[in-house]
Amino acid sequence: MKRALLLCLLAAPALAGKVYQWRDADGRVFYSDQPPPSVQYTERKIRPNTVGQASRASSVDQANNETQVVLWVSASCEPACSQALELLDRRGVQYDVRNVDPANEKSMLAFFNVVGTMQARPPVLQLGKEVLKEFNSPLWQAALSKAGYGIKNTSAKK
């Protein structure tokens, strides 16, 4: 039992890999661990989901006095979730992505504890204690600037 737990813990960093995102001609969004042939795509680095640990700040964050940034997404929040991811990536923000799954009580409870209502829908941006419940690019940009996240010029791979 201890060996299995140790193997899972050692394998966790390997799960934080690259994922490729693209849209088809009908606007549907696809994700894969392999880049698509002959289609414009965006490379995403996916970090392990840490639902339930949002209130725990790491010692590095506390030492640097940085604001923790969390983007709450769901399977049904396109195209706004893609736009939110693109905005954070373009600004060079280090962030965690948390999935809100209506079939998972734990993820729903964690989401509710952050937003304080069941009326909010992803994407939701959590900047430390500030919570932006509706995707609005100018408002999110202003909040990121206020939190000290400048604009970083990056472009998606093609």
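This report describes a disulfide, a helix and a surface patch in a predicted model.

## The disulfide

The structure holds 1 disulfide, and it is formed by Cys 77 and Cys 81, whose sulfur atoms lie 1.5 Å apart. A disulfide is a covalent bond between the sulfur atoms of two cysteines. The link of Cys 77 and Cys 81 is left-handed, with -110 degrees about the S-S bond.

## Helix 3 and the residue after it

Cys 81 belongs to helix 3, which spans residues 80–90. Besides this cysteine, the buried residues of the helix include Ala 80, Ser 82 and Ala 84, together with the leucines Leu 85, Leu 87 and Leu 88. An α-helix has 3.6 residues a turn, so residues three or four places apart point the same way.

Just after helix 3, Gly 92 takes a positive phi of about 70 degrees.

## A nonpolar patch on the surface

Leu 109, Phe 112 and Met 118 form a nonpolar patch on the surface, and together these side chains belong to residues with about 260 Å² of accessible area. Phe 112 is found in helix 4, which covers residues 105–115. With a relative accessibility of 32%, Phe 112 counts as partly exposed, because this class lies between the limits of 20% for buried and 50% for exposed.

Notes: Residues are numbered from 1 along each chain as its sequence is written. This is a predicted model: local features need pLDDT of at least 70, side-chain atom pairs count only at pLDDT 80 or more; totals for chains, interfaces and linings use all residues. Side-chain values use heavy atoms; hydrogens and water are left out. Patches are made of residues with over 30% relative accessible area and no salt bridge: like charges are joined within 9 Å, nonpolar side chains (Val, Leu, Ile, Met, Phe, Trp, Tyr) within 5 Å. Accessible areas come from the Shrake-Rupley method with a 1.4 Å probe; for residues, only the protein chains shown count as cover. A salt bridge is a side-chain nitrogen of Lys or Arg within 4 Å of a carboxyl oxygen of Asp or Glu. Helices (H or I, at least four residues) and strands (E, at least two) are DSSP runs, numbered from the N terminus. Buried means under 20% relative accessible area, exposed over 50%, partly exposed in between (1.4 Å probe, protein chains only). A disulfide is a pair of cysteine sulfur atoms within 2.5 Å.
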